[in-house]
Amino acid sequence: MIKALILGFTVGISAAIIPGPMMFATIEASFHKGWRAGPSIFMGHALVEFVFFMLILIGASSFLRRSVISYLAIIGGLIMVVFGLTMIKKKQKKSLQWMSRFQPAV
């Protein structure tokens, strides 16, 4: 039991260090809403993680088949791709708006 907790803690810390969608969502929200967006995003994410932790703890993984887990992984990956493309599109639009201010009038 202790060995599993140590392993889970180690994997969790290493996953938290890697830049991911939550870090970029927090950065983007902070640019638009100020520093208070960070703690709000953290609390929302922590709540979701807690729910998943409790489901795993009570053994939800024992009644989920491998195919369901594979589908969840694919759906999660697609959501990350859509999230990234949306951020790029927004940034391109803002970049074009910013650059248009410096174009000489013809």
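Author: Here are some labels, each set against its definition. This is a predicted model, so local features need pLDDT of at least 70, side-chain atom pairs count only at pLDDT 80 or more, and totals for chains, interfaces and linings use all residues. Residues are numbered from 1 along each chain as its sequence is written, and side-chain values use heavy atoms, with hydrogens and water left out.

Reader: What makes Glu-28 and Lys-90 a salt bridge?

Author: The term asks for a side-chain nitrogen of Lys or Arg within 4 Å of a carboxyl oxygen of Asp or Glu. Here the closest N and O atoms are 4.0 Å apart, and the structure holds one salt bridge. Glu-28 sits in helix α2 (residues 21-33) and Lys-90 in helix α5 (residues 66-100), so the pair ties together parts 62 residues apart in sequence.

Reader: Why is Glu-28 called buried?

Author: Buried means under 20% relative accessible area, exposed over 50%, and partly exposed in between (1.4 Å probe, protein chains only). Glu-28 has 18% relative accessibility, so it counts as buried. Lys-90, at 46%, is partly exposed.

Reader: And what is Met-54 called, buried or partly exposed?

Author: Its relative accessible area is 31%, so Met-54 is partly exposed. Met-54 is found in helix α3 (residues 37-57); helices are DSSP runs of H or I, at least four residues, numbered from the N terminus.

Reader: How do you know that the span of α3 agrees with what it should be?

Author: The expected span is 1.5 Å times one less than the number of residues. For the 21 residues of α3 that gives 30 Å, and the end C-alpha atoms are 30 Å apart, so the two agree.

Note on methods: Helix = DSSP H or I, 4+ residues; strand = E, 2+ residues; numbered from the N terminus.
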